[in-house]
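Please look at the sequence and the model first, and then read on.

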Amino acid sequence: MPPRGWIALSVTFSDLTTMRVGGPVGELHVPTSTDEFVGTVRDAGREALIIGGGSNLIVGDEGWPGPVIKIASGEITVNGGLVTAAAGVEWDRLVELTINEGLAGLECLSGIPGLVGGTPIQNVGAYGALTSEVLESVTVFDRETGALENWPTERLGFGSHRQSVFKHSDRWAVVDVTYRLRPGKQSDPIRYAGLASALDLEIGGTADTSDVRESVIAIRRQRGMVLDAADHDTWSVGSFFINPVLTQVPDEAKECPQFPDVKGTKLAAGWLVHNAGFAPGYRRGNVGLSTRHALAVTNRGGATTSEVMEFAAHIREGVERAFKVRLGPECDLVNCLF
Ligand SMILES: Cc1cc2nc3c(=O)[nH]c(=O)nc-3n(C[C@H](O)[C@H](O)[C@H](O)COP(=O)(O)OP(=O)(O)OC[C@H]3O[C@@H](n4cnc5c(N)ncnc54)[C@H](O)[C@@H]3O)c2cc1C
């Protein structure tokens, strides 16, 4: 008997990812409840690739020959300030729902693509806010032992920029996530200067959560950071390169904006790319940087994964030549040569 819920479709990763590149999917399964998701991961074994919104993932032109589990579980429970959402809930739908329920804490994280299950993987953050700050616990399925466990935030390995125990590991499936939010319509203090100024506030000021959401989405839209099929600047994984964290900053990179990190000093990858000579809009064939900022590698239409990888490697080499800093990807690369 085939595992529960398998469906046969002729699908490629270009259909499932926001970069819109990548070859065929072996067998696609779309579990629509949490029980079905856990059962499918258990049945499919370790060789199955889990995918959420595909907004932080690039798969090679050969695709993935085995099972692919595209999560579509949708349960949400609200219990006072505690909100639990299944891994398959669209992240921005959850943000909007919590604001409408009169809960504060997620407003600065409006408009980020992807699903709830993806948020703890790289401690998603934007405009001075991080999901880890409001994260209470995560239910995980251990693909090695078969155990289903609830983990508190302290166990998730957050700390260094965009890191967690889940990043670049296929051992755990994130099944659901619980956030602890604050009842109220007033936002958390705004830490990001551009957002504060858009809201006519000083840094540290607060505003109505719905107004914060509206401003965040407007700023993100201006920067091509809200998905829009008609806008090639959004055919991306967001920031392709991760902000590098170094124990020693080379002399060549001293001018780059620097921030403290638990593992050393974090540099702004966007600054490095731009100042290595790659301005927004820099393009080679079907692949280019976003026309709005230098950190997003974008598919200008018809690109293949190999073309995206060649372009990204070209940028990485230019940055290394200029600043002696080697950039790595923020997104997950599966069956890609980079
Ligand atoms: C236009 C644009 C703007 C963006 N802006 C931001 C931003 O402001 N801040 C930010 O932090 N990120 C941003 N991103 C990146 C991305 O949206 C986030 O990382 C998002 O959380 C990824 O979720 P996803 O469901 O799309 O994950 P996917 O891309 O589907 O998966 C990413 C990785 O996580 C694994 N994975 C996904 N779900 C699970 C699960 N339930 N259990 C186990 N493994 C899983 C996958 O196997 C893969 O390895 C942006 C991306 C785009 C395209």
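This is a predicted model: local features need pLDDT of at least 70, side-chain atom pairs count only at pLDDT 80 or more; totals for chains, interfaces and linings use all residues.

| Domain | Residues |
|---|---|
| domain 1 | 6-70 |
| domain 2 | 76-222 |
| domain 3 | 232-334 |

The centres of domain 2 and domain 3, taken over C-alpha atoms, are separated by 25 Å, and where the two domains meet, ten residues of domain 2 are in contact with eleven residues of domain 3. Between domain 2 and domain 3 an area of about 780 Å² is buried, and carbon and sulfur atoms give 43% of this area. On the side of domain 2, Ser160, His161 and His168 supply 57% of the area buried against domain 3, which is more than any other three residues supply.

Which polar links join domain 2 and domain 3? Six residue pairs are in polar contact between domain 2 and domain 3, both residues being at pLDDT 80 or more, and the side of domain 2 that touches domain 3 has, by class, seven polar and three charged residues but no nonpolar ones. One salt bridge is found across the interface of domain 2 and domain 3.

Turning to aromatic rings, the structure holds ten aromatic pairs. Tryptophan 271 and phenylalanine 323 form a tilted pair, with 5.4 Å from centre to centre and 45° between the planes. This pair links distant parts of the chain, since tryptophan 271 lies in helix 6 (residues 269-275) and phenylalanine 323 lies in helix 7 (residues 305-323), 52 residues apart.

Conventions:
Residues are numbered from 1 along each chain as its sequence is written. Side-chain values use heavy atoms; hydrogens and water are left out. Domain bounds come from an automatic or database domain assignment. Contact means heavy atoms within 4.5 Å. Buried area is the accessible area (1.4 Å probe) that two parts lose on being put together, summed over both. A salt bridge is a side-chain nitrogen of Lys or Arg within 4 Å of a carboxyl oxygen of Asp or Glu. A polar contact is a pair of N or O atoms within 3.5 Å; within protein, one must be able to donate a hydrogen and the other to accept it, and residues adjacent in sequence count only if both atoms are side-chain atoms. Ala, Val, Leu, Ile, Met, Phe, Trp, Tyr, Cys and Pro count as nonpolar, Asp, Glu, Lys and Arg as charged, and the others, Gly among them, as polar. Rings of Phe, Tyr and Trp (its six-membered ring) pair if their centres lie within 6.5 Å; planes under 30 degrees apart count as stacked, over 60 as edge-to-face and the rest as tilted. Helices (H or I, at least four residues) and strands (E, at least two) are DSSP runs, numbered from the N terminus.
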